[in-house]
Amino acid sequence: MEFYFPTEFGEQLAFCSAASTALIGLVMMFAPGYTYRFLRLQVREGRSEAYAEARSAGGFLTGFGLVAILLAQPMIYLALGASFGVAAFGRILSIMSDRGSVFLNLLLLVVQAILAALPLLYGMGYI
C-alpha cells in the first residue's frame, strides 16, 4: 500500500483541507490545554470534563480528516466541506447573537470558511 497524493489541483486543495482538519484534531486531542488557551476558554477548578470534551472533538476531527485522506472520494470531501460550512454558519450566528465579533472569532470564521470551500468546490466539480 502506498501513500496517495492527488495529482489534480482541485483534489490537492481538498486533500489539504482534510489534512488540516486531521492536524487540528490531533492538536485538540493531545494538547487540550493549549487549545483552550488559544480559544481563550477556561476550565473551572475541579471540572476536568472539559478536557475530555476537547479530546473527543479532536478525535472526531482527526478521524474525519484521516478518512477523507484515506478514501479520497468526492462525496467524503463534500461531507467534510458541508460540516465545516455548518460550523462556520454556527460561528456567524454567534457573532450576530452573542456579540462575539472579536478578532479571534472572525479569524476562525475565515479559517472555517476556507476549510469548507476547498472540499466543497472540488466535490461539486468547480475546481
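# Helices packed against helices

The axes of helix H3 (residues 49-71) and helix H4 (residues 74-97) come within 9 Å and cross at roughly 155 degrees. That angle is why H3 is called roughly antiparallel to H4. An axis here is a line fitted to C-alpha atoms, for helices over the stretch in contact, and angles run from 0 to 180 degrees between N-to-C directions. The crossing of H3 and H4 is left-handed. That term means that the near helix is turned anticlockwise from the far one by less than a right angle; clockwise would be right-handed.

Which residues of H3 and H4 make the contact? From H3 come Phe 64, Val 67, Ala 68 and Leu 71. From H4 come Ile 76, Tyr 77, Ala 79, Leu 80 and Ser 83. Contact means heavy atoms within 4.5 Å. By class, these residues are eight nonpolar, one polar and no charged. Nonpolar covers Ala, Val, Leu, Ile, Met, Phe, Trp, Tyr, Cys and Pro; charged covers Asp, Glu, Lys and Arg; the others, Gly among them, are polar.

A word on the source: this is a predicted model, in which local features need pLDDT of at least 70, side-chain atom pairs count only at pLDDT 80 or more, and totals for chains, interfaces and linings use all residues. Residues are numbered from 1 along each chain as its sequence is written, and side-chain values use heavy atoms, with hydrogens and water left out.

Now step back to the whole protein. It has five helices and zero strands. Along the sequence the pattern reads α-α-α-α-α. Helices (H or I, at least four residues) and strands (E, at least two) are DSSP runs, numbered from the N terminus. The C-alpha trace spans about 50 × 35 × 20 Å along its principal axes. Of the 127 residues, 34% are buried. Buried means under 20% relative accessible area, exposed over 50%, and partly exposed in between (1.4 Å probe, protein chains only). Among contacts with a separation of 6 or more, 66% join residues 24 or more positions apart.

H4 has another partner. H1 and H4 pack at an angle of about 60 degrees, with their axes 11 Å apart. This makes H1 oblique to H4. The crossing of H1 and H4 is left-handed. H1 supplies Glu 11, Ala 14, Phe 15, Ser 17, Ala 18 and Thr 21, while H4 supplies Tyr 77, Leu 80 and Phe 84. The contact of H1 with H4 has six nonpolar, two polar and one charged residues.

What sits in the largest nonpolar core? It has 13 residues, and those with the most contacts inside it are Ala 18, Ala 68, Tyr 77, Leu 80 and Phe 84. H1, H3, H4 and helix H5 (103-123) each give two or more residues to this core. A nonpolar core is a set of buried Ala, Val, Leu, Ile, Met, Phe, Trp, Tyr and Cys residues joined through side-chain atoms within 4.5 Å.

Follow single residues next. Leaving out residues up to four places away in sequence, Ala 18 touches Gly 65, Ala 68, Ile 69, Tyr 77 and Leu 80. Thr 21 lies in H1 (residues 9-30). Thr 21 counts as buried because its relative accessibility is 1%.

Cys 16 and Pro 119 are 103 residues apart in sequence, yet 8.9 Å apart in space, C-alpha to C-alpha.

Gln 112 is in H5. Gln 112 is buried, with a relative accessible area of 15%. Beyond its neighbours within four places in sequence, Gln 112 is in contact with Phe 84, Ala 87, Ala 88 and Arg 91.

Arg 40 lies in the loop between helix H2 (32-38) and H3. Its phi is near 60 degrees, a positive value in a residue other than glycine. Arg 40 counts as exposed, at 62% relative accessibility. Ala 72 lies in the loop between H3 and H4. Ala 72 has a positive phi of about 50 degrees, although it is not a glycine. Ala 72 is buried, with a relative accessible area of 14%.

How values were computed. Angles under 35 degrees count as roughly parallel, over 145 as roughly antiparallel, 65 to 115 as roughly perpendicular and the rest as oblique.
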